[in-house]
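This report describes how the parts of one protein chain are arranged.

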Amino acid sequence: KAPCPQGESLQVFKGTFIHATHTSPMETLTPLILGVNRTGKIVFIENVDKEEELSQAWHFQKKNIRVLREREEFFIPGLVDTHIHASQYPNMGTCLDLPLLEWLVRYTFPVESKFKDPKFTEDVYTKLVKRTLRNGTTTACYFATIHTDSTLKLCSIIDNLGQRAFVGKVCMDLNDLFPEYKEKLCESVVETKRFVAELTGREYPLVKPIVTPRFVPSCSSELMQQLGSYASSEGLHIQSHISESRAEVELVKSLFPECKNYTDVYDRHSLLNDKTIMAHGVYLSNDELKVFQKKGAAISHCPNSNISLGSGLFDVRNALHHQVKIGLGTDVSGGYSPSVLNAMRAAIDVTKILGFQSSNYERLTYQEIFRLATLGGSQGDDRNMVEVYVAGKKVVPFPNA
Ligand code: GUN
Ligand code: FE
């Protein structure tokens, strides 16, 4: 039963609702009536035959219900972009003629360097956040740049526009090929702590910090160790890149010959746990996927970027067989689109191509890809595991997550 509704102001919606659960990748519920309170929380989801009863209990009138037309329209959960570089928006749709490591030096570090300029920061970040919202992204995991104040500006823009986000100040103390864009070890750690303290102090209800070592080749072992222990002690989320391209995997092997593999490098630096989200993972071995499963770490599948940069094809089915948490990422500007719907289409293309390559390959269905884009992406965030009731019945999206 709903708590005393006196004085609550509700938004009420009616129509077909499509969502994903652990047991069903895509479920159509119709016709339903749904109420949302002032804090954005869903307070009831019931069959429409309860409308009269609900309108009396919650004091709303029929004329205030927003109804979607039957058949043509439907409600879905907000889309979750689990990996996007807000700072690469100026390059989006261009500069895709080089593989990852060369692309970073030639195009990406130069554009990220520009964010020390507050005017440029405000202009680009405002346009980008508006654009992702227009595309249905209600939650995003953002990489910004090494600049703390500029990254705090991104947070204030996101808060102002009402998106839910994890935002990372990028950490990197190694960059021989573009030395203008890097930090000193101690600066990277101190500035990460300042970023977290200032963001936490602002009490934006939907914007949280995420510790962001860029990837192994950009970070010294000391930097990764300090960020790992800081994130653990403060219970913070962590994001980075892993096993995106063959050349990158070889480079990491040469940098850390004592480690078993790429996953082991992050693991030894305390960067792999149930609050971690790693982008790509194209070349992860089954042994590495087992470590992801054991640690509860998630993978962001970025199919547009993996194709655009010629990195490779990530096998989602195999990762799901290993019970690894997976969401979708646009990876702007390695990916040329800021839309999670585009990431869904690209994910369909990738699973079909893997199907061409081996005749008994179990392709992902479009329903499973819908689940990756919604519920899948939310698994990286424990606070999303709210209790949801559909037509009076408690729904547990991922009981074992
Ligand atoms: N690996 C390290 N940095 C990046 C980046 O900015 N984009 C992608 N796609 N991979 C990376
Ligand atoms: Fe990326």
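What distance separates the centres of domain 1 and domain 2, taken over C-alpha atoms? In this predicted model, the two centres lie 34 Å apart when taken over C-alpha atoms. The domain assignment places residues 11–76 together with 385–395 in domain 1, and residues 79–364 in domain 2.

**The sheet and its helix**

An open sheet is formed by 4 strands in the order E3-E2-E1-E4, and the pairing is mixed. Strand E3 (42–47) and strand E4 (65–67) each have a single partner strand and stand at the edges, so one side of each is left without a neighbour in the sheet. Direction ignored, neighbouring strands of this sheet are turned against each other by 35° on average. Strand E2 (residues 27–36) pairs with E3 in the antiparallel sense over 5 bridges, and Gly35 stands opposite Phe44 in E3. Helix H1 (residues 51–58) packs on this sheet, where it touches strand E1 (11–19) as well as E2, E3 and E4, and the direction of H1 makes about 155° with that of E3.

**Two helix pairs**

H3 passes H4 in a right-handed crossing. On the H3 side, the contact is made by Thr121, Glu122, Tyr125, Thr126, Val129, Lys130 and Leu133, and on the H4 side by Ser150, Lys153, Leu154, Ile157, Ile158 and Leu161. By class, the contact of H3 with H4 has 7 nonpolar, 3 polar and 3 charged residues.

The crossing of H12 and H13 is right-handed. H12 contributes Val340, Met344, Ala347 and Ile348 to the contact, while H13 contributes Tyr366, Ile369, Phe370 and Ala373. Which classes of residue make up the contact of H12 with H13? By class, this contact has 8 nonpolar residues, with no polar and no charged residues, whereas the contact of H3 with H4 includes 3 polar and 3 charged residues beside its 7 nonpolar ones.

Conventions
Residues numbered from 1 in each chain as written. Chains lettered and ligands numbered in written order. Predicted model: local features only at pLDDT ≥ 70, side-chain atom pairs only at ≥ 80, totals over all residues. Heavy atoms only, no water. Left-handed = near helix turned anticlockwise from the far one by under 90°. Contact = heavy atoms within 4.5 Å. Nonpolar A, V, L, I, M, F, W, Y, C, P; charged D, E, K, R; others polar. Domains from an automatic or database assignment. Pairing = 2+ DSSP bridges. Axes fitted to C-alpha atoms, helices over the stretch in contact; angles between N-to-C directions.
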